[in-house]
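Here are my notes for you to read alongside the model. Keep the 3D view open and find each piece as you go.

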Amino acid sequence: MRGIARPDLVEAVMTDESAAVADAVESTALVRTIASIRERWRAIAESAHGAFVRGQSTELSRREADRVRDEFAACIAGRGGDVSSRGRAAALGQLYLGLGDPGRTAFLRILAEYQPDGRAVAELAKMPSEERAGAREHRLRDLRAALEPPAQRVFRQFNSLPAGIKFLVDLRADLLRFRETDHALARLERDLHELLASWFDIGFLTLQRITWDAPASLLERLAGYEAVHEVRNWRDLKNRLDTDRRCYAFFHPLMPDEPLIFIEIALVSNVSESIAPLLDTAAPLENPREATTAIFYSISNCQRGLAGISFGNALIKRVVRDLAREFPQLRTFSTLSPIPGFLPWLSARERPDAPLAVALARRGWYRDASIVAAVREPLLRLCAHYLVEERRQDGTVRDPVAHFHLSNGARIERINWLGDCSAKGLRDSAGMMVNYLYRPEQIDDNHEAYTTSGKIAHSPAVATLLR
């Protein structure tokens, strides 16, 4: 039997309702983070510059908006030196954290008002062909400075504060929500994305294994960030961190308590075709030294504000390398992955009164042997077609999880019938799951074939379903 949950952890998450667990722990962690940042920044703002004095309103008043505009102008101009700059940034950041969405939108729109001086850029871009090399270098330097979005100077000042980089990651998460209806904020989001992409380069990140002995606060975050198979309770989480399991995460040196992305692995004897045995807390422990297969069954991005900055490819390659070093007997590296877009695609394709749609609409259809016998073969064939043949305009496959693994050099190995009979699995893919196989010697070739010509590596079993 696997171990029981730690009694010292938060009682509020001792529940079998996985959605409630995720919401509770993520909300708790967020509240603690904001409270800690605001307290630390208040001291900096008061000692160096002067914090905003305000009531309980979550909107930005006209007087506050005027002051915010002045503070941004001072930040961009760099007035007062480093101490004043930190004070201004702390005051502005503290104000932002106390605002609701309307106030934050107004705050960011003010920042978006500051744009490069087009006239200065045009003048600097006029480069006489006979200009001396030294003068040309100075002109190019000035041109680069003139082209820099002023907001990036403000972002750098936020980054100089304690926990400033986490603040900017969360600020971009807000911008990703707000940009859909505001072109100015879309431009501001791109400016911040450019900075974060350079600050979160893979070379700066550290890979860490997470065990049950990790701080409770980190385990809390792990449960809240799990995006594939929600954590039901602490017994469930302990099962995922037991001796025949592995969990690895990337961390940034300036966010040491916040995982950026993590992957969960089961060390087993065969390629798994169903998620239930891997998540079964009553299953007996296996000897990892006898395992021949590593199953990657969950990969979760943790920071919404880092969307579009890829860590997954490097994470999988690093983990494969580390596992092969720790367990030389491992021969197979495979995923057990969801197919989140299949049923939505099929539903848009099939008429509601079509026999297949009618069968899948029946409650508990997957427990009815006659329905299963009728729909199994056509669904498997349709799923193979969806994974391999259905493409976006840019030539990539339609399913986001398939695109992720194919981009990383995997091949589609096997489609598993009723591999996930949870409510989410049935809703997303009629319960089907897929194994993507990572063969270290083929990863680069598979990646190159998919990214350059759209060619998808797949097994003979999948090829049979495509006929």
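**Notes on the model**

1. Helices here are DSSP runs of H or I with at least four residues, strands are runs of E with at least two, and both are numbered from the N terminus.

2. A word on what you are looking at: this is a predicted model, where local features need pLDDT of at least 70 and side-chain atom pairs count only at pLDDT 80 or more, while totals for chains, interfaces and linings use all residues. Residues are numbered from 1 along each chain as its sequence is written, and side-chain values use heavy atoms, leaving out hydrogens and water.

3. Which residues of H4 are buried? They are Gly103, Arg104, Thr105, Phe107, Leu108, Ile110, Leu111 and Ala112. Buried means under 20% relative accessible area, exposed over 50%, and partly exposed in between (1.4 Å probe, protein chains only). Their cover includes helix H2 (62-77), helix H3 (81-97) and helix H9 (183-199).

4. Now the sheet: 7 strands form an open sheet with mixed pairing, in the order S1-S2-S3-S4-S5-S7-S6. Strands S1 (206-209) and S6 (411-416) are the edges, each pairing on one side only. Two strands pair if DSSP finds at least two bridges between them.

5. S1 pairs with strand S2 (residues 245-251) in the antiparallel sense over 4 bridges. Look for threonine 206, whose bridge partner in S2 is phenylalanine 251.

6. Strand S4 is worth a stop, since 7 of its 9 residues are buried. Strand S3 (residues 261-268) runs antiparallel to S4, joined by 8 bridges; here isoleucine 265 has phenylalanine 296 as its bridge partner in S4. S4 and S5 run parallel, with 4 bridges, and threonine 293 is partnered with threonine 332 in S5. From S4 the chain passes through helix H13 (residues 312-326) to S5, a right-handed β-α-β crossover. Right-handed means that, with the strands pointing away from you, the path from the first strand over the helix to the second runs clockwise.

7. How many disulfides turn up in the whole structure? The search finds 0 (a disulfide being a pair of cysteine sulfur atoms within 2.5 Å). Cysteine 75 is buried at 2% relative accessible area, whereas cysteine 421 is partly exposed at 33%.

Conventions: Contact means heavy atoms within 4.5 Å.
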